Amino acid sequence: MSSSAPSSEAPRPQPPATAGRFSEPPLAATALEERFEELIGAVLSSRRTAAGISQRLARETRALQDFALHWVAVTSKTNPELAYQFAALSADAVAALGLSGAERWLLAAMDVYDRDGLYRASAALKDLDGYVARARETATGVALAEVSGVLELFVTGLSGRRLRLEAGAQAWTDTAVLTLPARVAIFPTRAENFRVYKVMAALLWGQTRYGTYNLDAAAYPQEASALAHFGLLEALRIAARLARALPGLHHDLEALAQPALGPEYAAARARLERPDASAADSAELANEHRLPAVPPAWPFLAAIDPSSALGVRAERVARESAALKRALIRLQDDLQAAEDGLGERAEEASRALRLSVSETDEDVEVSAIFDGRPVAPPPSVARLAESLFQDLGTLPEDMLVAAGDGPYRPDANSTGEVPQDAIDARDDEPGPVVYDEWDFRRQHYRKHWCVLRERDVHPGDPAFVTRTIERYRTQIGQLRRSFEALRGEDKRLRAQPDGDDVDFDAVVRAHAEVRAGAELDVRVFSRRARHARDVAVLFMVDMSGSTKGWINDCEREALVLLAEALEVLGDRYAIYGFSGVTRRRCEVFRIKRFDEPYDQMVRERIAGILPLDYTRMGAAIRHLTGILSSVDARTRLLVTLSDGKPDDFSDGYRGEYGIEDTRQALIEAKRAGVHPFCITIDRDAASYLPRMYGAVNYTVVEDVARLPVKVAEVYRRLTT
Amino acid sequence: MNAPHAVDPDALRVREAPYYRPLGDEIALFEAAYRNRVPVLLKGPTGCGKTRFMESMAWHHGRPLVTVSCHDDLTAADLVGRYLVTANETVWVDGPMTRAVRMGALLYLDEIVEARKDTTVVIHPLADDRRALFIEKKGEVVHAPPEFLLAISYNPGYQSVLKELKQSTRQRFVAINFDYPVAEIEAGIVAHESGVDAATAERLVRLAHMTRNLKGNGLDEGASTRLLVHAGKLMAQGIAPRTACEGAITQALTDEREMLAAVHELVSAVF
């Protein structure tokens, strides 16, 4: 499939400012006022006019005026009031930030508007001075959002438990989430500021890894100053552990300014640097009152909050110990069954599974013994045991053995309660997924804009499928035959160096050539080669309200015919429907997953496809691209069956916005190695589909009645 | 032109005792299976010592070792043999599998799932109690001598639907599970194989554990023992530790920008 290969960068609607405009004379105040009346007349009145703004802007260059007018126009489509406020501040903003800086300032405010509404957005706009100060800092500062991906992987790598990173006012951890400041701009270079983040994250990780919160609640100092000391002493203890386990990291820590510790701390320090020092030592030292009343300030120090951390830890221990218990019983059953299968039955007593967990040289090691021989514990068991070991410092006896064999199962409760770890592991039931959406006016994505859920199609009347097959009997026969021809048919390759049969033509020719004095050609065999098709296709079916009636019937019939034909071909295929209302309720309907056979259930689901709401296509394409990308195939096709333009009744999705977002989603799909194609019955398609899919990647079926047969034909053409 | 067809079994013998540190009871399992003429399936992640284990077993039993690295174009004919044309005649040439059966070697099919599906046709009769190789083109049946052993390897870590081992195949084998050795042993292996000192080897192993923690969080596999040995060899040549790890481990594991940065930070945390 050759596409017109649209470039990844969408062309800008119109250049906000070009060098050439500098020579043009600036607009007069009256001309500007007229334009503002046009653009944001809705928020102007007799008492609030654009006169002041116009006079202010009239003194500026034409380039700045054009910039202001352009972005007022863009912003007014989101919110005219915001556009008015932007206009009022635009000249000052450009003066302080330059044109591109002012553009970023406005876009940041628009993001705030998307997230928190007008009130916050206008506050953000008005805080121009604050923004300017932050922008100066940005050049050298590091934002958590930029580095949280790397840091999260970093702390996950340091020890097996997954920790989340969040931005907060102060660095601290509840042992599940590491809270770090949203921005670090202490040093003049980005590298140094990143190092601050890394060290702070490592110290927090150290609190979870080295048991800062492994004490009883009563053991933690009560007084504020003692608790502050506890935090400082823990940092010293963790630093000493890092020095032994992760010398490179400790080096980074030492490169930062150290807390100014007086000689009073010498004894405490020596005690905490011992390899067997624990949080209990820190607590004891902090309570002894031998230290100064207020500990020295240190900007990288983490706050300590035992009450919330202990709650999180207790909840995790309860959950993980139950999960470990279940996993061990299952593992023991499996091992016993395997042994029974081998017929090597040992004594009952020795057929128990026993875990052992040890800490060797900064590493937690999990091993297991079954029937007197070591067995490798599965990664899930090892991970649970390690995590529990981190929390408890040791594993109690009852967690090491598979307790309670026999018919009783802790998880076989009939209350219908789903165990926590089962919820975590239920990846076949994805929750809502959030997708960005492309706003062509801003030339930016709206972050986390669409919420999409996967649902099942309610099975429909099975008679529909039987009826369809009956009605199209001859066409199905033809389709099957034409698809059979496509199938990875065996082909005989001639003149091969090796094969399962002799190619007599080649032999005769070779013989003649040898007689004629030429060199012997050894390629005298023929071989059957299978031309393997390696295609995965996902059909994305429009379930919007506009397909109601006749079109919906044809769509369903088309799918039945298609499925019948594809069964012959053996290509992997999936069918999903899509619909939705507003960005908060985009829906994708499972009709046939890739791993499902074309069975009665799928047939009933095809029959059950209903016209629903609107066509917000971007989010559906992004989601289905993800599904398609996870299938291992040389060719991946995303075929859309549609009856019209992308459309949604709110958020301005209708028209150009929807087309541009869909186009952007398709560009993303192409980047992910997916070939998009569209089959539509909209006769006006030529006006917008080439923009979305490229000139050759769509086809219009003019006669709806032909749709059922056409879809399969189009597919056949596409894949040959 | 008839020399290349006769392969001297001696050429396939393992000459020096391979360095192999047992990890658990894999040797006992192997011995029991070999005595009972049951084929074995070595399961485990890449670079954890499966091939080295086979070399060690071959040396121990004094049998030739025939190793075939399977790839997606490997057909049954590549394993069994084919007719080649020479001056005025066609000559049958045994494939590696036939050779291995005839000489009673240990035949090791590495990464079996990569091979074409038609190879199962020749593997199955050899793997069950028939222990026979059917050479269809010649109409010949080669019965395996008692010393012959079929071993295949398989990495269950690949989460690909196309790379599953079929039940009908896997249930013919005794499975021996391999994993990365415990830290202490792994450090010993790295030190021995690469020539770095014990402290450096320990740090390398610690780094490997960290990358293995990231498996499933963006990495398909953590750093294998083999990668650690590579990094150690570079260090033994005088390359600075961080540079050696960058080349031998970080860049070998991933191309993804964020993951590269994260592994880079892990390297600099350890060294």
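## Contact between chains A and B

The contact draws 26 residues from chain A and 34 residues from chain B, where two residues are in contact if their C-beta atoms, placed from the backbone, lie within 7 Å. This is a predicted model, in which local features need pLDDT of at least 70 and side-chain atom pairs count only at pLDDT 80 or more, while totals for chains, interfaces and linings use all residues. Residues are numbered from 1 along each chain as its sequence is written, and chains are lettered from A and ligands numbered from 1 in the order in which they are written.

On the side of chain A that touches chain B, two or more residues come from each of helix 7 (144-158), helix 10 (247-255), strand 7 (363-370) and strand 8 (373-375) of chain A; helices (H or I, at least four residues) and strands (E, at least two) are DSSP runs, numbered from the N terminus. Helix 7 of chain A gives the most to this side, with seven residues.

## Helices 4 and 6 of chain A

Helix 4 (residues 80-116) and helix 6 (residues 128-138) of chain A pack at an angle of about 45°, with their axes 11 Å apart; axes are lines fitted to C-alpha atoms, for helices over the stretch in contact, and angles run from 0 to 180 degrees between N-to-C directions. Among the residues that meet are A:L89 and A:W105 in helix 4 of chain A and A:Y131 in helix 6 of chain A.

## B:H230

B:H230 lies in helix 9 (residues 225-236) of chain B. The C-alpha atoms of B:H230 and B:G247, 17 residues apart along the chain, are separated by 9.3 Å.
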